[in-house]
Amino acid sequence: MVDKNSNLLVVSAHAADFVWRGGGVIAKYAKHANVSLVILSYGARGESNDLWNIEGQTLENVKEVRHGEIEKAANHLGVKDIEIWDFQDYHMEINAERVERLVKKIREVRPTDILTHGPRDAFNPDHEAVSKYVFDASVLSTSNGVRIEGYPAAKQARLFGFEPHQSEISDFKPEVIVDITETYEQKAAAMNCFEAQPHLIDYYASKAKLRGNHARRCSGNKEYRYAEAFTRFFPYVGGEFK
């Protein structure tokens with residue numbers, strides 16, 4: 001069970017990334033702990049292709065559709081604290097002002113855990129840029145010398161990265177596998193909210209089953225049916241093997 005004292009911050013590059021790659025885990029946290037979700041962009045330019053096939057489509061309408069999808073999906077996962085920062089995607093640029101904004105958010109939320117994109121993601125430069133962005137901001141948030149009035153330095157959060165879409169091509173290794181059997185139906189409902197990317201629904205349903213198989217094999221627990229995999233940015237530290 002998730003520790004009720006946990007505090008999870010999720011930073012998603014585009015509208016649906018948090019659901020495809022971490023929806024089950026997010027729903028588990030939302031049952032017992034605080035979850036804050038930051039969506040950096042609507043994915044209007046690079047991850048809404050089906051919407052652009054509609055004649056007369058506009059950027060404003062694409063964003064409106066994706067906004068509704070985000071809200072419905074987050075509701076299925078039990079997440080109420082949502083911010084959409086509306087950065088431009090494809091290509092997403094990170095500057096000093098945006099770094100300070102995320103440092104401020106981390107200090108405001110003071111998460112025990114941060115979930116975002118892993119360091120490598122073939123064919124999606126936005127995801128790699130966001131991975132570095134979040135890592136840098138998490139480290140800067142711990143420094144007393146990085147002064148933001150009213151937002152004192154935070155403790156370093158544990159930082160985990162989503163499994164990328166192209167796992168093998170991105171050299172992804174599942175360093176952490178989390179059982180999501182109890183929340184899989186919530187994840188499935190959230191995935192079905194994203195009509196702008198319907199081709200990904202079956203793909204990530206199959207991925208959850210695949211990682212569920214790995215969870216059973218690695219743990220010996222035959223109750224695990226669905227799981228999600230992540231990488232970790234920092235090594236585990238403790239007084240025993242875990």
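In this predicted model, the lining of the largest cavity draws at least two residues from each of three elements: helix H1 (17–32), helix H7 (199–219) and strand E7 (227–232). Of the contributors, H7 gives the most, with four residues. The space inside the largest cavity amounts to about 70 Å³, and the count of cavities of 30 Å³ or more comes to one.

Attention now turns to a pair of helices. Two packed helices are described by the angle between their axes and by the distance between those axes. For helix H4 (residues 96–109) and helix H5 (residues 125–140), the packing angle is about 60° and the axes lie 9 Å apart. That angle makes H4 oblique to H5. The crossing in which H4 passes H5 is right-handed.

The contact itself can be followed residue by residue. On the H4 side, Arg98, Val99, Leu102, Val103, Ile106 and Arg107 take part, and they meet Tyr133, Val134, Ala137, Ser138 and Leu140 of H5. Sorted by class, the residues of this contact between H4 and H5 are eight nonpolar, two charged and one polar.

Conventions
Residues numbered from 1 in each chain as written. Predicted model: local features only at pLDDT ≥ 70, side-chain atom pairs only at ≥ 80, totals over all residues. Heavy atoms only, no water. Axes fitted to C-alpha atoms, helices over the stretch in contact; angles between N-to-C directions. Parallel < 35°, antiparallel > 145°, perpendicular 65-115°, else oblique. Left-handed = near helix turned anticlockwise from the far one by under 90°. Contact = heavy atoms within 4.5 Å. Nonpolar A, V, L, I, M, F, W, Y, C, P; charged D, E, K, R; others polar. 1 Å grid on protein atoms, 1.4 Å probe; cavity = no way out; pocket = protein on both sides within 12 Å on 5 of 7 lines; lining within 4 Å. Points joined across faces, edges and corners; volume = space filled by probe spheres on them.
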